[in-house]
Amino acid sequence: MLKRLLAIVRFATDCAVVLIFFFMVISVVGEIVGRTFNLRVSNAVETASFAQIWLTAIGGSVALRHGSMFALDTLTRHLDLRLARALSVFIALCSLVLVAVLFYGGILLTESGFRQMSPVQQIPMWIVFICMPIGMTLLALEIVLRVFERWDDPFGGPQEDDA
């Protein structure tokens, strides 16, 4: 049941990233077309910016899951399994501390967003800012899962040929 729930969360996150990116592209194209034909589409710039904020906050968890985050693997490839596991847990704990700080900052930002409106569309800014706690929750989930999923080979993956 837990695996099924995790698969649903991951699928929903993947779908959200694709839809947000599609929306962002459509907004930017709409702005370009609007400027070309002297049409007023001021909402397009603001919505594209908001979509980019959401994409960044949520996309981090997808990038981590697919191994697209920045990493140095020269040292870690040569560690024995016990040391690699210990280092993996240490890195995860440090990452979780950072995620917790960002989550807390996102909560504070979201609370302030209840008193702010976006300049062009006049929508409450909490709708934009809530992406930070959501994204950090997803990122924390992926950090923890990465430790468990890669327990037998914490820093494994495609390795360069040493020849």
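Student: Is methionine 125 buried or exposed?
Tutor: Methionine 125 is buried, because its relative accessible area is 10%. Buried means under 20% relative accessible area, exposed means over 50%, and partly exposed is in between, using a 1.4 Å probe and protein chains only. One caution: this is a predicted model, where local features need pLDDT of at least 70 and side-chain atom pairs count only at pLDDT 80 or more, while totals for chains, interfaces and linings use all residues. Also, residues are numbered from 1 along each chain as its sequence is written, and side-chain values use heavy atoms, with hydrogens and water left out.

Student: OK, and where does methionine 125 sit?
Tutor: Methionine 125 is in the loop between α3 (81–113) and α4 (126–129). Helices are DSSP runs of H or I with at least four residues, strands are runs of E with at least two, and the numbering starts from the N terminus.

Student: How far is methionine 125 from leucine 75?
Tutor: Their C-alpha atoms are separated by 44 Å, and the two are 50 residues apart along the chain.

Student: Zooming out, how many helices and strands are there?
Tutor: The chain has five helices and zero strands. Read from the N terminus, the order is α-α-α-α-α.

Student: What's the radius of gyration of the chain?
Tutor: The chain has 20 Å, whereas a compact globule of 163 residues would be near 15 Å. That radius is taken over C-alpha atoms, and the globule rule is 2.2 Å times the number of residues to the power 0.38. The C-alpha trace spans about 65 × 40 × 30 Å along its principal axes.

Student: And what share of the residues is buried?
Tutor: Buried residues are 32% of the 163 in the chain.

Student: Let's switch to α2. What span should helix α2 have?
Tutor: Helix α2 covers residues 42–65, which is 24 residues, so at 1.5 Å a residue the helix should span 34 Å. Its end C-alpha atoms are 36 Å apart, which agrees. The expected span is 1.5 Å times one less than the number of residues.

Student: Where is the kink in α2 centred?
Tutor: On glycine 59, with a kink of about 40°. The bend at a residue is the angle between axes fitted to the seven residues ending there and the seven starting there.

Student: What follows α2?
Tutor: Glycine 67 does, and its phi is positive, near 75°.

Student: Which residues other than glycine have a positive phi?
Tutor: Asparagine 38 is one of them, with phi near 55°. Asparagine 38 lies in the loop between α1 and α2 and is exposed, with a relative accessible area of 73%. Glutamine 122 also has a positive phi, about 60°. Glutamine 122 is in the loop between α3 and α4 and counts as partly exposed at 45% relative accessibility.

Student: New topic: how many salt bridges are there?
Tutor: Six. A salt bridge here is a side-chain nitrogen of Lys or Arg within 4 Å of a carboxyl oxygen of Asp or Glu. Side chains of opposite charge can pair when their charged atoms come close.

Student: Which residue does glutamate 149 pair with?
Tutor: Arginine 10, at 3.3 Å from N to O. The pair links distant parts of the chain, since glutamate 149 is in helix α5 and arginine 10 is in helix α1, 139 residues apart. Glutamate 149 counts as exposed at 51% relative accessibility, whereas arginine 10 counts as buried at 16%.

Student: What about arginine 65, which partner does it have?
Tutor: Arginine 65 meets glutamate 142 in a salt bridge, 3.3 Å from N to O. Arginine 65 lies in helix α2 and glutamate 142 in helix α5, so the pair ties together parts 77 residues apart in sequence. Glutamate 142 is buried, at 5% relative accessibility.

Student: Which residues are linked in a network of salt bridges?
Tutor: Arg10, Asp14, Arg65, Glu142 and Glu149.

Student: Last one: where does glutamate 31 lie, and arginine 35?
Tutor: Both lie in helix α1, four residues apart, about one turn of the helix.
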